[in-house]
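Please work through the exercises below with the sequence and the model at hand. Each task is followed by a stepwise solution.

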Amino acid sequence: MASHDVIRIGSYLTVLAIMATWELIAPRRPLTVSKLCRWGGNLTIVLLNTVIARLLFMGGVVAMAMMAQDQGWGLFNLTDWPAWLEIVFAIVALDFIIYWQHQAFHYVPFLWRFHMMHHSDVDLDVSSGVRFHPAEIVMSMAIKATSVLALGVSPTAMVIFEIILNASSLFNHSNVRIPVEIDRRLRWFVVTPDMHRIHHSSDVRETNSNYGFNVPWWDRLFGTYTADPALGQTGMTVGLEHLGPAVCLNLLLMLRLPFVAQLGRYAARSPHSTP
Ligand SMILES: [Zn+2]
Ligand SMILES: [Zn+2]
């Protein structure tokens, strides 16, 4: 195992442990189904995704960044920018790409079919941050790998981006209670749990908003920002309206969902349009 893998996995498990403890001590919403059942599915699928990503992408996107550096490919390998500027620019640029990718996964019906699995979680907690269909993982890895090669992102920038992205995903999916005044201030710099939870509301207009992963700026800039759910953070329903009553899906049902479930009213062409 490479040293960057040890750093990434170590930071990932640390953030996971901190958020899991925090949401146990100070939960934002009561859970509707058994945590044990949801965690079983969510943690099994992350193990499956890790194996698939490793097999298909030759050691992950950091290996891609090393290849781009060795071959002199991509924008940054043609410029003379200082390393710190390249790192900052690469992180912001990758986050911008992921914001648009996330929108595409909502409004292109074929992509929504797979992303819908992430939204089928009926409670939101730290384990939801890793709940993605393997097909979505493969497609987003392909987009990320292409971006890394085109930009010539350095391996260091890539490791930092991966650590930030994973930590953000665990943080903003967690069921933690943060005082509203602090949340409002944090929201200018990072996507907070209260902000991302709105994206998991079963209300179509709210689902199709707050697409940001790391920084909240793209949603504010491109008109997809929702500050508060209509029914409030504790009154809103998490999940998808067309999947019926809250049930916990096991791994097999999660994998099958894109092939058997209806798409619902969600795959709207325009982010804020209501069918
Ligand atoms: Zn989404
Ligand atoms: Zn999410």
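**Exercise 1.** Determine which cysteines form a disulfide and state how far apart their sulfur atoms are.

*Solution.* Step 1: Cys37 and Cys248 form a disulfide, with sulfur atoms 2.0 Å apart; the criterion is a pair of cysteine sulfur atoms within 2.5 Å. Step 2: Cys37 lies in helix α2 (residues 35-56) and Cys248 in the loop between α11 (217-221) and α12 (251-260), so the pair links distant parts of the chain, 211 residues apart. Helices are DSSP runs (H or I, at least four residues), numbered from the N terminus. Step 3: the torsion about the S-S bond is about -95°, so the disulfide is left-handed.

This is a predicted model in which local features need pLDDT of at least 70, side-chain atom pairs count only at pLDDT 80 or more, and totals for chains, interfaces and linings use all residues. Residues are numbered from 1 along each chain as its sequence is written, chains are lettered from A and ligands numbered from 1 in the order in which they are written, and side-chain values use heavy atoms, with hydrogens and water left out.

**Exercise 2.** Identify the residues that coordinate the zinc ion (ligand 2) and explain why the arrangement is irregular.

*Solution.* Step 1: the donors are NE2 atoms of His118, His173, His196 and His200, at 2.1 to 2.2 Å. Donors are N, O and S atoms within 2.8 Å of the metal (3.2 Å for Na, K and Ca); water is not among the atoms, so sites may look incomplete. Step 2: the 4 donor atoms subtend angles of 88 to 169°, which makes the arrangement irregular. Four donors count as tetrahedral if all angles lie between 85 and 135 degrees; four count as square planar and six as octahedral if opposite donors are over 155 degrees apart and all others between 65 and 115; anything else is irregular. Step 3: the spacing of the donor residues in sequence is H-x54-H-x22-H-x3-H.

Conventions:
Helices (H or I, at least four residues) and strands (E, at least two) are DSSP runs, numbered from the N terminus.
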